[in-house]
Amino acid sequence: MNILIIGLGTIGAIHGYLFSKASHNVDHLIRDNSIKADIKNLEIDMLDGRLDPKGAPYTDKYAIRRWEGETEYDLIFASVPCGAIKGVADELDKHGINGPVLLACGTWSDRASLEGELCGRRYILGYPVAGGSITGGRLSCCVLDHFMLERPERAHLDPEEYEVVEGLFADCKIKLERPHDMVEWIWLHMAINAAVISVAGEHGDITDTSASAEKLMGSTRLLGEAVQAIRETARIVESRGVNLHDYRDELLAYRLPVPISAPIMRHMFASNVLTRRIMTLHDNPDDLLFVCRSVYDCGKANGVQAPTFYSAWESIALRL
(Lines give C-alpha, C1' and ligand atoms only; values in the text may rest on other atoms or scores of the structure.)
Protein backbone atom coordinates (compact mmCIF):
# COMPACT_ATOMS: atom_id res chain seq x y z
CA MET A 1 0.00 0.00 0.00
CA ASN A 2 0.98 3.62 -0.54
CA ILE A 3 0.19 5.54 2.64
CA LEU A 4 0.46 9.24 3.39
CA ILE A 5 0.86 10.40 6.99
CA ILE A 6 -0.17 13.98 7.70
CA GLY A 7 2.69 15.64 9.55
CA LEU A 8 5.13 14.10 12.00
CA GLY A 9 3.14 14.11 15.20
CA THR A 10 3.55 11.37 17.76
CA ILE A 11 0.63 9.18 16.67
CA GLY A 12 1.40 9.65 12.99
CA ALA A 13 5.06 8.78 13.56
CA ILE A 14 4.18 5.67 15.59
CA HIS A 15 1.82 4.35 12.94
CA GLY A 16 4.05 5.41 10.06
CA TYR A 17 6.80 3.34 11.67
CA LEU A 18 4.48 0.35 12.19
CA PHE A 19 3.10 0.55 8.64
CA SER A 20 6.62 0.79 7.24
CA LYS A 21 7.79 -2.22 9.27
CA ALA A 22 4.86 -4.14 7.77
CA SER A 23 6.38 -3.44 4.31
CA HIS A 24 4.06 -0.62 3.22
CA ASN A 25 5.28 2.53 1.48
CA VAL A 26 4.89 5.50 3.83
CA ASP A 27 5.31 9.22 3.05
CA HIS A 28 5.00 12.08 5.54
CA LEU A 29 3.49 15.39 4.43
CA ILE A 30 5.37 17.86 6.65
CA ARG A 31 5.04 21.62 6.33
CA ASP A 32 8.28 23.43 5.52
CA ASN A 33 7.81 25.70 8.56
CA SER A 34 7.25 22.78 10.95
CA ILE A 35 9.69 22.49 13.84
CA LYS A 36 10.10 18.86 12.74
CA ALA A 37 10.81 19.67 9.10
CA ASP A 38 14.52 18.86 9.44
CA ILE A 39 14.02 15.47 11.08
CA LYS A 40 15.17 12.79 8.65
CA ASN A 41 15.42 9.86 11.07
CA LEU A 42 13.81 8.97 14.38
CA GLU A 43 15.37 6.87 17.10
CA ILE A 44 12.54 4.62 18.29
CA ASP A 45 12.25 3.76 21.97
CA MET A 46 9.27 1.39 21.92
CA LEU A 47 7.25 -0.50 24.51
CA ASP A 48 5.30 -2.86 22.26
CA GLY A 49 2.13 -4.48 23.59
CA ARG A 50 0.90 -6.03 20.36
CA LEU A 51 2.10 -9.54 21.21
CA ASP A 52 3.21 -9.15 24.82
CA PRO A 53 0.53 -7.84 27.23
CA LYS A 54 3.29 -6.56 29.53
CA GLY A 55 4.97 -4.71 26.67
CA ALA A 56 8.16 -5.71 24.90
CA PRO A 57 10.81 -2.95 25.04
CA TYR A 58 13.14 -2.42 22.11
CA THR A 59 14.91 0.29 20.14
CA ASP A 60 14.92 0.80 16.41
CA LYS A 61 15.34 3.47 13.72
CA TYR A 62 12.73 4.97 11.42
CA ALA A 63 13.82 6.78 8.26
CA ILE A 64 11.31 9.55 7.47
CA ARG A 65 10.38 9.66 3.81
CA ARG A 66 9.11 13.13 2.93
CA TRP A 67 6.25 13.65 0.48
CA GLU A 68 7.61 14.52 -2.96
CA GLY A 69 4.53 15.31 -5.02
CA GLU A 70 2.56 12.06 -5.22
CA THR A 71 -1.15 12.80 -5.58
CA GLU A 72 -2.83 9.37 -5.26
CA TYR A 73 -2.71 7.27 -2.11
CA ASP A 74 -4.41 4.09 -0.95
CA LEU A 75 -4.83 5.65 2.49
CA ILE A 76 -4.19 9.00 4.15
CA PHE A 77 -3.60 8.72 7.91
CA ALA A 78 -4.31 11.90 9.86
CA SER A 79 -3.88 12.35 13.59
CA VAL A 80 -4.00 16.06 14.37
CA PRO A 81 -4.70 18.17 17.47
CA CYS A 82 -8.33 18.72 18.42
CA GLY A 83 -9.77 21.59 16.43
CA ALA A 84 -7.35 21.16 13.50
CA ILE A 85 -9.32 18.74 11.35
CA LYS A 86 -10.34 21.36 8.77
CA GLY A 87 -6.65 21.99 8.17
CA VAL A 88 -6.20 18.40 6.97
CA ALA A 89 -8.63 18.84 4.08
CA ASP A 90 -7.17 22.26 3.26
CA GLU A 91 -3.63 20.86 3.12
CA LEU A 92 -4.66 17.96 0.90
CA ASP A 93 -6.60 20.28 -1.41
CA LYS A 94 -3.63 22.63 -1.61
CA HIS A 95 -1.43 19.85 -2.98
CA GLY A 96 -4.11 18.06 -5.02
CA ILE A 97 -3.74 14.87 -2.98
CA ASN A 98 -6.48 12.23 -3.21
CA GLY A 99 -7.31 9.13 -1.22
CA PRO A 100 -9.52 7.94 1.62
CA VAL A 101 -8.72 9.52 4.99
CA LEU A 102 -8.38 7.59 8.24
CA LEU A 103 -8.97 10.30 10.83
CA ALA A 104 -7.37 9.04 14.04
CA CYS A 105 -7.81 11.82 16.55
CA GLY A 106 -10.19 13.37 19.02
CA THR A 107 -13.07 15.54 17.91
CA TRP A 108 -15.88 17.31 19.77
CA SER A 109 -17.71 18.03 16.49
CA ASP A 110 -20.95 16.29 15.58
CA ARG A 111 -21.15 14.17 12.44
CA ALA A 112 -22.49 16.93 10.19
CA SER A 113 -19.84 19.41 11.30
CA LEU A 114 -17.12 16.81 10.88
CA GLU A 115 -18.18 16.08 7.32
CA GLY A 116 -18.17 19.81 6.63
CA GLU A 117 -14.62 20.12 8.00
CA LEU A 118 -13.49 17.29 5.73
CA CYS A 119 -15.04 19.00 2.68
CA GLY A 120 -16.76 15.91 1.32
CA ARG A 121 -13.73 13.61 1.35
CA ARG A 122 -14.13 9.87 1.82
CA TYR A 123 -13.18 9.08 5.38
CA ILE A 124 -13.33 6.68 8.28
CA LEU A 125 -12.98 7.50 11.95
CA GLY A 126 -10.57 5.69 14.23
CA TYR A 127 -8.78 6.18 17.51
CA PRO A 128 -5.28 4.93 18.33
CA VAL A 129 -4.49 3.00 21.48
CA ALA A 130 -0.94 4.25 21.60
CA GLY A 131 0.98 7.21 22.92
CA GLY A 132 4.33 8.84 23.23
CA SER A 133 6.38 11.95 22.67
CA ILE A 134 8.99 13.19 20.23
CA THR A 135 12.01 15.02 21.63
CA GLY A 136 14.56 16.04 19.05
CA GLY A 137 15.09 12.96 16.95
CA ARG A 138 13.82 10.43 19.49
CA LEU A 139 10.33 8.95 19.59
CA SER A 140 9.56 7.45 23.01
CA CYS A 141 6.33 5.51 22.62
CA CYS A 142 4.14 2.55 23.36
CA VAL A 143 1.44 0.75 21.41
CA LEU A 144 -1.22 -1.68 22.58
CA ASP A 145 -2.70 -4.60 20.70
CA HIS A 146 -5.84 -2.91 19.34
CA PHE A 147 -7.12 0.12 17.45
CA MET A 148 -10.63 1.60 17.62
CA LEU A 149 -12.26 1.71 14.19
CA GLU A 150 -15.62 2.80 12.85
CA ARG A 151 -18.03 0.08 11.81
CA PRO A 152 -18.26 -0.49 8.03
CA GLU A 153 -21.92 0.59 7.85
CA ARG A 154 -21.03 4.00 9.31
CA ALA A 155 -17.78 4.58 7.42
CA HIS A 156 -17.77 6.92 4.43
CA LEU A 157 -15.72 4.43 2.42
CA ASP A 158 -16.35 1.93 -0.32
CA PRO A 159 -16.42 -1.69 0.93
CA GLU A 160 -13.14 -2.38 -0.86
CA GLU A 161 -11.50 0.59 0.86
CA TYR A 162 -12.71 -0.61 4.25
CA GLU A 163 -11.17 -4.03 3.57
CA VAL A 164 -7.88 -2.31 2.74
CA VAL A 165 -7.88 -0.62 6.16
CA GLU A 166 -8.66 -3.94 7.87
CA GLY A 167 -5.81 -5.60 6.01
CA LEU A 168 -3.38 -2.85 6.94
CA PHE A 169 -3.92 -3.34 10.68
CA ALA A 170 -3.83 -7.11 10.28
CA ASP A 171 -0.42 -6.71 8.65
CA CYS A 172 0.67 -4.72 11.72
CA LYS A 173 -0.68 -7.40 14.11
CA ILE A 174 -3.15 -4.91 15.59
CA LYS A 175 -6.69 -6.06 16.36
CA LEU A 176 -9.66 -3.84 15.56
CA GLU A 177 -12.39 -2.95 18.02
CA ARG A 178 -15.56 -1.37 16.67
CA PRO A 179 -17.75 0.61 19.09
CA HIS A 180 -21.45 1.28 18.62
CA ASP A 181 -20.84 4.73 17.11
CA MET A 182 -17.34 6.11 16.62
CA VAL A 183 -18.27 9.79 16.98
CA GLU A 184 -20.07 9.13 20.25
CA TRP A 185 -17.24 6.89 21.46
CA ILE A 186 -14.72 9.66 20.79
CA TRP A 187 -16.89 12.17 22.69
CA LEU A 188 -17.03 9.79 25.64
CA HIS A 189 -13.28 9.14 25.49
CA MET A 190 -12.63 12.89 25.42
CA ALA A 191 -14.99 13.40 28.35
CA ILE A 192 -13.17 10.76 30.39
CA ASN A 193 -9.86 12.37 29.47
CA ALA A 194 -11.18 15.81 30.43
CA ALA A 195 -12.15 14.54 33.87
CA VAL A 196 -8.78 12.89 34.49
CA ILE A 197 -6.77 15.79 33.08
CA SER A 198 -8.67 18.37 35.12
CA VAL A 199 -8.24 16.52 38.41
CA ALA A 200 -4.55 15.88 37.67
CA GLY A 201 -4.05 19.51 36.68
CA GLU A 202 -5.88 20.85 39.71
CA HIS A 203 -3.43 19.06 42.01
CA GLY A 204 -0.36 19.47 39.82
CA ASP A 205 1.04 21.36 36.85
CA ILE A 206 -0.95 20.69 33.69
CA THR A 207 2.02 21.79 31.58
CA ASP A 208 4.10 19.02 33.21
CA THR A 209 1.91 16.16 32.09
CA SER A 210 4.24 13.39 33.21
CA ALA A 211 4.59 14.58 36.82
CA SER A 212 0.87 15.36 37.11
CA ALA A 213 -0.07 11.93 35.77
CA GLU A 214 2.35 10.17 38.13
CA LYS A 215 0.91 12.04 41.12
CA LEU A 216 -2.65 11.14 40.11
CA MET A 217 -1.91 7.46 39.48
CA GLY A 218 -0.21 7.12 42.85
CA SER A 219 -3.04 8.60 44.93
CA THR A 220 -6.22 6.72 45.81
CA ARG A 221 -7.79 10.00 46.94
CA LEU A 222 -7.11 11.77 43.63
CA LEU A 223 -8.25 8.76 41.64
CA GLY A 224 -11.48 8.85 43.64
CA GLU A 225 -11.96 12.46 42.57
CA ALA A 226 -11.23 11.46 38.98
CA VAL A 227 -13.88 8.71 39.11
CA GLN A 228 -16.45 11.20 40.38
CA ALA A 229 -15.48 13.69 37.66
CA ILE A 230 -15.74 10.96 35.00
CA ARG A 231 -19.29 10.18 36.10
CA GLU A 232 -20.11 13.86 35.67
CA THR A 233 -18.46 14.28 32.26
CA ALA A 234 -20.25 11.13 31.06
CA ARG A 235 -23.51 12.93 31.85
CA ILE A 236 -22.29 15.85 29.73
CA VAL A 237 -21.91 13.42 26.82
CA GLU A 238 -25.37 12.05 27.59
CA SER A 239 -26.75 15.61 27.35
CA ARG A 240 -25.69 15.58 23.69
CA GLY A 241 -28.23 12.82 23.01
CA VAL A 242 -25.93 9.82 23.55
CA ASN A 243 -27.40 6.66 25.08
CA LEU A 244 -24.75 5.69 27.63
CA HIS A 245 -26.17 2.16 27.75
CA ASP A 246 -24.48 1.62 24.37
CA TYR A 247 -21.13 2.20 26.10
CA ARG A 248 -21.71 0.37 29.36
CA ASP A 249 -18.50 -1.65 28.96
CA GLU A 250 -16.41 1.52 28.64
CA LEU A 251 -18.04 2.99 31.76
CA LEU A 252 -18.24 -0.15 33.89
CA ALA A 253 -15.12 0.61 35.95
CA TYR A 254 -16.48 4.04 36.92
CA ARG A 255 -19.89 2.78 38.05
CA LEU A 256 -18.46 0.93 41.04
CA PRO A 257 -18.51 2.73 44.42
CA VAL A 258 -15.54 5.10 44.65
CA PRO A 259 -14.01 3.28 47.67
CA ILE A 260 -13.83 0.20 45.42
CA SER A 261 -13.03 1.71 42.02
CA ALA A 262 -10.23 4.05 43.13
CA PRO A 263 -8.02 1.32 44.70
CA ILE A 264 -8.66 -0.90 41.68
CA MET A 265 -7.50 1.88 39.37
CA ARG A 266 -4.41 2.54 41.48
CA HIS A 267 -3.50 -1.16 41.36
CA MET A 268 -4.10 -1.23 37.60
CA PHE A 269 -1.79 1.72 37.01
CA ALA A 270 0.86 0.20 39.28
CA SER A 271 0.79 -3.16 37.50
CA ASN A 272 0.08 -2.19 33.88
CA VAL A 273 3.24 -0.64 32.49
CA LEU A 274 1.70 0.05 29.07
CA THR A 275 -1.24 2.04 30.43
CA ARG A 276 1.02 3.90 32.83
CA ARG A 277 3.39 4.87 30.05
CA ILE A 278 0.58 6.19 27.83
CA MET A 279 -0.57 8.36 30.75
CA THR A 280 2.88 9.91 31.23
CA LEU A 281 4.02 10.41 27.64
CA HIS A 282 1.43 12.87 26.28
CA ASP A 283 3.42 15.86 24.99
CA ASN A 284 0.77 18.38 23.87
CA PRO A 285 -0.64 20.48 26.76
CA ASP A 286 -2.58 22.69 24.34
CA ASP A 287 -4.50 19.64 23.12
CA LEU A 288 -5.30 18.65 26.70
CA LEU A 289 -6.59 22.14 27.47
CA PHE A 290 -8.77 22.09 24.35
CA VAL A 291 -10.35 18.82 25.47
CA CYS A 292 -11.13 20.13 28.97
CA ARG A 293 -12.46 23.45 27.73
CA SER A 294 -14.72 21.84 25.11
CA VAL A 295 -16.31 19.46 27.62
CA TYR A 296 -16.65 22.23 30.23
CA ASP A 297 -18.32 24.67 27.81
CA CYS A 298 -20.73 21.97 26.62
CA GLY A 299 -21.69 20.98 30.16
CA LYS A 300 -22.36 24.56 31.18
CA ALA A 301 -24.34 25.28 28.01
CA ASN A 302 -26.50 22.18 28.53
CA GLY A 303 -27.06 22.85 32.23
CA VAL A 304 -25.41 19.64 33.44
CA GLN A 305 -24.51 19.44 37.13
CA ALA A 306 -20.83 18.50 37.35
CA PRO A 307 -19.36 20.19 40.45
CA THR A 308 -16.19 18.10 40.80
CA PHE A 309 -15.21 18.52 37.15
CA TYR A 310 -16.17 22.19 36.95
CA SER A 311 -14.24 23.05 40.10
CA ALA A 312 -11.13 21.20 38.90
CA TRP A 313 -11.14 22.86 35.47
CA GLU A 314 -11.86 26.33 36.88
CA SER A 315 -8.90 26.04 39.24
CA ILE A 316 -6.68 25.32 36.21
CA ALA A 317 -8.21 28.09 34.10
CA LEU A 318 -7.40 30.63 36.82
CA ARG A 319 -3.72 29.73 36.53
CA LEU A 320 -3.51 29.92 32.72
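The legends below describe a predicted model, in which local features need pLDDT of at least 70 and side-chain atom pairs count only at pLDDT 80 or more, while totals for chains, interfaces and linings use all residues. Residues are numbered from 1 along each chain as its sequence is written, and side-chain values use heavy atoms, with hydrogens and water left out.

**View 1. Helix α5 packs against helix α7.** Helices and strands are DSSP runs numbered from the N terminus (helices are H or I, at least four residues; strands are E, at least two). Helix α5 covers residues 182-202 and helix α7 covers residues 220-238, and the two pack at an angle of about 145° with their axes 8 Å apart. These axes are lines fitted to C-alpha atoms, for helices over the stretch in contact, and the angles run from 0 to 180 degrees between N-to-C directions.

View 2. Buried means under 20% relative accessible area, exposed means over 50%, and partly exposed lies in between (1.4 Å probe, protein chains only). Not counting residues up to four places away in sequence, Val 227 touches Tyr 254, Val 258, Ser 261 and Met 265. With neighbours within four places in sequence likewise left aside, Leu 251 is in contact with Leu 188, Ile 192, Ala 234 and Leu 244.

**View 3. Tyr 296 and Tyr 310 form an aromatic pair.** A pair of aromatic rings is described by the distance of the centres and the angle of the planes. Rings of Phe, Tyr and Trp (its six-membered ring) pair if their centres lie within 6.5 Å, and planes under 30 degrees apart count as stacked, over 60 as edge-to-face and the rest as tilted. A search of the whole structure finds nine aromatic pairs. In the pair shown, the ring centres of Tyr 296 and Tyr 310 are 5.3 Å apart and the planes stand at 80°, so the pair is edge-to-face. Tyr 296 lies in helix α11 (residues 285-301) and Tyr 310 in helix α12 (residues 307-317), so the pair ties together parts that are 14 residues apart in sequence. Tyr 296 counts as buried at 15% relative accessibility, and Tyr 310 counts as buried at 7%. The charged end of Lys 300 sits over the ring of Tyr 310, 4.4 Å from its centre.

**View 4. Further ring features are a cluster of Phe residues and an Arg over a Trp.** Ring pairs link Phe 19, Phe 77, Phe 147 and Phe 169 into a cluster. Elsewhere in the legend's subject, Arg 240 lies over the face of Trp 108, at 4.4 Å from the ring centre. A charge sits over a ring if NZ of Lys or CZ of Arg is within 6 Å of the ring centre and within 35 degrees of the ring normal.

**View 5. Gly 137 lies in the loop between β7 and β8.** The strands on either side of this loop are β7 (123-135) and β8 (138-149). Gly 137 is partly exposed, with a relative accessible area of 33%. Although Gly 137 and Ile 39 are 98 residues apart in sequence, they are 6.5 Å apart in space, C-alpha to C-alpha. Beyond its neighbours within four places in sequence, Gly 137 is in contact with Asn 41, Leu 42 and Glu 43.

**View 6. Cys 119 and Lys 173 have positive phi values.** Cys 119 is not a glycine, yet its phi is about 55°; this residue is found in the loop between α3 (111-117) and β7 and counts as partly exposed at 40% relative accessibility. Lys 173, also a residue other than glycine, has a phi near 60°. Lys 173 lies in the loop between α4 (159-171) and β9 (175-177) and counts as exposed at 53% relative accessibility.

How values were computed: Contact = heavy atoms within 4.5 Å.
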